[in-house]
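Subject: Structure for you to look at

Hello,

Here is the structure I said I would send.

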Amino acid sequence: MSALSTSETIAVIGAGTMGAGIAQVAANAGHPVLLFDAQDGAAQKGWDATAKGLDRLVAKGKISQQDKDDLMTRIQIVKDLSDLAPAKLVVEAIVENLEIKQSVFAQLEDICAADTILASNTSSISLTQIGANLKDSSRLVGMHFFNPAPVMKLVEVISGLTTSNEVARCVYETSLAWGKKPVHAKSTPGFIVNRVARPFYAEALRILEEGGADCASIDAVIKRSGGFKMGPFELMDLIGHDINYAVTTSVWSAFYHDPRFLPSLVQKERVDGGLLGRKSGRGFYDYSTDADLPGPTIAAQGFPPAKIIVEGHMGPAEALVDRMIDAGLDVVRLDEDDSVLDRITVGHTHLMLTPGGLASELEASLPFEEENEALVLFDLSIDYANTNLIAIAPSDTADEEHISEACGVFQAIGMDVCVLDDIPGLINARTIAMIVNEAADAVNKQVCTVKDVDLAMQNGVNYPKGPLTWADEIGPDYISAVIENLGRTYGEDRYRVSPLLRRKISARMYFHE
């Protein structure tokens, strides 16, 4: 089926922020829109909020007054569910409650024509379960928008077990016609985005729980070195911990308590205490009027490096060596045949890209020649050539001199340094590796394609790159090694490598081939 014609009527049930936003998207595309909400006055409130938002765009010169007036004229408020009979597509955007959704769709079957497409904006409930009691569940499909719907490009088109391929294709093509970037996904817990995004929060919460770093430093490293738009703690504060924790718990429960999705006690404590983030005035950060948001903990100036010795190949961090050379530092590169380890040495300090384990444990296995040598691990960055912040983790035997030597190397090429405790996988390496692994597992379990998981994460949660594009650039073997070393350190099934990632490594193939 092709996209719905703009002459076809679209109905939206639920006039809250999401429902009103979906109505705006459809009206903006040229459709007549029917807006219904069972709560008295809610539909008018949603309509008014949309008009007010468009007025701001008019004031900024982004749309004309005529365009705004025409769009709002196309959105008609109706007072009864039966008034939605003319709709060709009905999008439900109400409370995340299975019984209520089932009741609404059962009524719509009797109200609307037999060929009307019924769509749910659910973010977590099984489409198959929602449609279980319908007479014709083949026309029920998921149409999951992201907030704010008029701005966010992604639409997850979700197929339950009985969803018609033609219906899913029509919703996909209609989403495209509305200027969105749709992806197909199978109805599984969390669909694509809410599943693949879990490690972004989970790894940060674990680092904090283990005292690896403070919230502000983790957020700064993730943004300035990892390339993400927001750090995990500021994003959780923005979403609201009640919502974020509930989604994590829902996905964890739906996957039969798979440890990959284990909720965090650190976050639960905030939910229990009413520290929900921005909306309550305090979460991981204090948002009261006179509060100052903390910045990252940046190391003091270290020793300027006299000579830097590079042995072996730095793998994903090879651009770091080029940056040192370009900065005019005295870099001596040994032939790879002569090297014992892939490392950077300055003074008595050895620097290595984190392999996912503990610096102290790795150091104990290394053949150091002198007693006063120590190991410092540094974090993964998505752009070593330009990043201005790096995280390092010294071993427990490293003293202030070793840390100063390590900091001096990175500071000499224009980087601030965050010194972490000896936390396995540091910050970016473990976070990105686990996101990649979850994306690979979603593809392996036929939830979506490689192309769609990359598209979904970039357009649904603004990731700087698609996870599996990242895997190709960083190297699937490095991603796998980080996860395996995390698993060995923690002894938990949470850190297990996706079979698809293993296949790519064994076949020496990339995801995008």
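The second largest pocket is lined by 34 residues, and Ala 20, Gly 21, Gln 24, Thr 50 and Pro 150 lie nearest its centre. A pocket here is an open set of points on a 1 Å grid over the protein atoms alone where a 1.4 Å probe fits, with protein on both sides within 12 Å along at least five of seven lines; lining residues have an atom within 4 Å of a point. This is a predicted model: local features need pLDDT of at least 70 and side-chain atom pairs pLDDT 80 or more, while totals for chains, interfaces and linings use all residues. Residues are numbered from 1 along each chain as its sequence is written, and side-chain values use heavy atoms, without hydrogens or water.

Helix 2 (42-59) gives the largest share of that lining, nine residues. Helices are DSSP runs of H or I, at least four residues, numbered from the N terminus.

The largest pocket has 36 lining residues, with Met 18, Phe 146, Asn 147, Ile 239 and Ile 243 nearest its centre. Among the elements giving two or more residues to this lining are helix 1 (17-28) and helix 8 (198-209).

Helix 8 has 12 residues and spans 16 Å from first C-alpha to last, close to the 16 Å expected, taken as 1.5 Å times one less than its number of residues. Of its 12 residues, 10 are buried (under 20% relative accessible area, 1.4 Å probe, protein chains only); they include Phe 200, Tyr 201 and Leu 205. Just after helix 8, Gly 211 has a positive phi of about 75 degrees.

Regards

Technical notes. Buried means under 20% relative accessible area, exposed over 50%, partly exposed in between (1.4 Å probe, protein chains only).
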